[in-house]
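Hi,

Here's the structure I promised to pass along.

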Amino acid sequence: MSIVIKAISAGDTLPLRHKILWPGYPVEHSLLDGDETALHFGGFLEEKLICVASLFRDGQTVRLRKFATDANFQGLGFGSLMLQHLLKVAHDLDAEVFWFDARETAVPFYKRLGFSIDGNRFFKGDIPYFRMSKSLTQEP
């Protein structure tokens, strides 16, 4: 099985964003300021959208937001492939730093991919997070 990653619209990300990240909230909770100018990507497996992510550029930094993989496809390497693709996109944009707020439960996944924790744990609602980042001054 091979995932095909391609650019999609912000609207195309919403159903999966909502289902995986904030299912107990209205779908509007998954909308972000800046969605209209961000870069959005979808990972497709046999035409089925199984993974979404959005990149927000600010100067020499790129922020990953709303990265979600369908629960039926988690743990199979598709999220890692998407993240590798996103790092290449950020590198091609000449970004120097790639960062995001990671749910505490996902920290081991990101650490395996070379990301470091920046700072202390914080909460969004009742969910614990850590800010994580990676330098892009070398090839991804």
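Bear in mind that this is a predicted model. I began with helix α1, residues 10-21, as a check on geometry: at 1.5 Å a residue, its twelve residues should span 16 Å, and the end C-alpha atoms sit 15 Å apart, so the two agree.

Which residues of α1 are buried? They are A10, T13, L14, L16, R17, H18 and L21. As for what they pack against, the partners are the strands β1 (4-8), β2 (39-45), β3 (48-58), β4 (61-69) and β5 (97-103).

The largest pocket comes out at about 720 Å³. Its lining counts 31 residues, and L21, F67, A68, A106 and Y110 are the closest to the centre. At least two lining residues come from each of α1, β4, α2 (78-92), β5 and α3 (107-112), with β4 giving the largest share, seven residues. Sorted by class, the lining has 16 nonpolar, eight polar and seven charged residues.

Is A102 buried or exposed? Its relative accessible area is 1%, under the 20% cut-off, so A102 counts as buried. Beyond its neighbours within four places in sequence, A102 is in contact with V107, Y110, P128, Y129, F130 and M132. S133 lies 31 residues from A102 along the chain, and the C-alpha atoms of the two are 9.7 Å apart.

Cheers

Methods
Residues numbered from 1 in each chain as written. Predicted model: local features only at pLDDT ≥ 70, side-chain atom pairs only at ≥ 80, totals over all residues. Heavy atoms only, no water. Helix = DSSP H or I, 4+ residues; strand = E, 2+ residues; numbered from the N terminus. Expected span 1.5 Å × (residues − 1). Buried < 20%, exposed > 50% of the residue type's maximum accessible area, 1.4 Å probe, protein only. Contact = heavy atoms within 4.5 Å. 1 Å grid on protein atoms, 1.4 Å probe; cavity = no way out; pocket = protein on both sides within 12 Å on 5 of 7 lines; lining within 4 Å. Points joined across faces, edges and corners; volume = space filled by probe spheres on them. Nonpolar A, V, L, I, M, F, W, Y, C, P; charged D, E, K, R; others polar.
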